Amino acid sequence: MKKLFTALVVILISSLSLVFSEGQRLKEVVKILENITWLGHDCFKIKGEKLIYTDPFQIKKGDPADIILITHEHYDHCSPQDVKKIQKPSTVIVATPDCAKKLSGNIKTVNPGDKITVEGISIEAVPAYNTNKQFHTKGNNWVGYIFTVMGQRVYIAGDTDYIKEMEGLKTDIALLPVSGIYVMTADEAAKAALAIKPKLAIPMHYGAIAGSEKDAKRFKELLEGKVDVEILKQQ
Ligand SMILES: [Zn+2]
């Protein structure tokens, strides 16, 4: 009887802790997750205090953006024709100088390390570069961004490998490339996620130029029980 009671208590406690851990995600992340739409590749639409888009590319239908964040000038990230689909006169574009040259409107240029406030949203440009390939060299000064939405720090890594600068980042939600070839592989991205320790990681940079959903699933599998991962459906 005593054993049965002990077993029941153990089951109760473990199920409570399961509910608690899911509850934590609900409380801190789910609300913002509801407002994140993946439009493919590195393009996310994030609706918080402002409507923010990242790296607009191959957009079918867009809403007017308050802020557009662009990580670097490669055509699949800095796409003037896609920017036009979501740009209104007051839209602020934050971009690297080489991308800014291709665009017009209200543009703020950034280098790695810059911190700016746009429309009340704090935005940090952080380094993004390759370490075991040459597509995105450190000298290009291309970036990822950390920006705050509804009290959560969202990190979009840009086209990057796992770099040492990721280890000091404080972020709640990390959007990480997983395709390999031009950026981290799923395995490298999982190592990055373990170093960054976000509350939630979302794989990106697959299904368009390189990589497939297989890479996203591999990323999630590798982080099972370690970092919460959500694979978004492309809209
Ligand atoms: Zn690139």
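Student: How are two packed helices described, and what are the values for H4 and H5?

Tutor: Two packed helices are described by the angle between their axes and by the distance between those axes. In this predicted model, helix H4 covers residues 186-196 and helix H5 covers residues 213-222. Their angle is about 40°, and their axes are 9 Å apart. H4 and H5 are therefore oblique to each other. The crossing of H4 past H5 is right-handed.

Student: Which residues of H4 and H5 meet?

Tutor: On the H4 side they are Ala186, Asp187, Ala189 and Ala190. On the H5 side they are Asp215, Arg218, Phe219 and Leu222. Sorted by class, this contact of H4 with H5 has 5 nonpolar residues, 3 charged residues and no polar ones.

Student: Which residues of H4 are buried, and what do they pack against?

Tutor: A general point comes first. An α-helix has 3.6 residues a turn, so residues three or four places apart point the same way. In H4 the buried residues are Ala186, Glu188, Ala189, Ala190, Ala192, Ala193 and Ile196. The buried residues of H4 pack against S11, S12 and H5. After H4 comes Lys197, which has a positive phi, near 50°.

Student: How do strands pair in a sheet, and what is the strand order here?

Tutor: Strands of a sheet pair through backbone hydrogen bonds, either parallel or antiparallel. Here an open sheet of 6 strands runs in the order S7-S8-S9-S10-S11-S12, and its pairing is mixed. Strand S7 (115-118) and strand S12 (200-204) are at the edges, each with a single partner strand, so one side of each has no neighbour in the sheet. From one strand to the next, the twist averages 20°.

Student: How do S8 and S9 run, parallel or antiparallel?

Tutor: S8 (residues 121-127) and S9 (residues 143-149) run antiparallel, joined by 5 bridges. Pro127 stands opposite Val143 in S9. H4 also packs on the sheet, where H4 touches strand S11 (173-177) and S12. The direction of H4 makes about 160° with that of S11.

Student: Is Ala65 buried or exposed?

Tutor: The count of neighbours decides, and 20 or more within 10 Å means buried. Ala65 has 24 C-beta neighbours inside 10 Å, so Ala65 counts as buried. Ala65 is in the loop between strand S3 (51-54) and strand S4 (67-69).

Student: Which residues does Ala65 touch, leaving out those up to four places away in sequence?

Tutor: Ala65 touches Leu51, Ile52, Tyr53, Ile86, Gln87 and Thr91. Ala65 and Val92 are 27 residues apart in sequence, with their C-alpha atoms 8.2 Å apart in space.

How values were computed
Residues are numbered from 1 along each chain as its sequence is written. This is a predicted model: local features need pLDDT of at least 70, side-chain atom pairs count only at pLDDT 80 or more; totals for chains, interfaces and linings use all residues. Axes are lines fitted to C-alpha atoms, for helices over the stretch in contact, and angles run from 0 to 180 degrees between N-to-C directions. Helices (H or I, at least four residues) and strands (E, at least two) are DSSP runs, numbered from the N terminus. Angles under 35 degrees count as roughly parallel, over 145 as roughly antiparallel, 65 to 115 as roughly perpendicular and the rest as oblique. A crossing is left-handed if the near helix is turned anticlockwise from the far one by less than a right angle, and right-handed if clockwise. Two residues are in contact if their C-beta atoms, placed from the backbone, lie within 7 Å. Ala, Val, Leu, Ile, Met, Phe, Trp, Tyr, Cys and Pro count as nonpolar, Asp, Glu, Lys and Arg as charged, and the others, Gly among them, as polar. Two strands pair if DSSP finds at least two bridges between them. A residue is buried if 20 or more other C-beta atoms lie within 10 Å of its own, exposed if 12 or fewer, and partly exposed in between; C-beta atoms are placed from the backbone.
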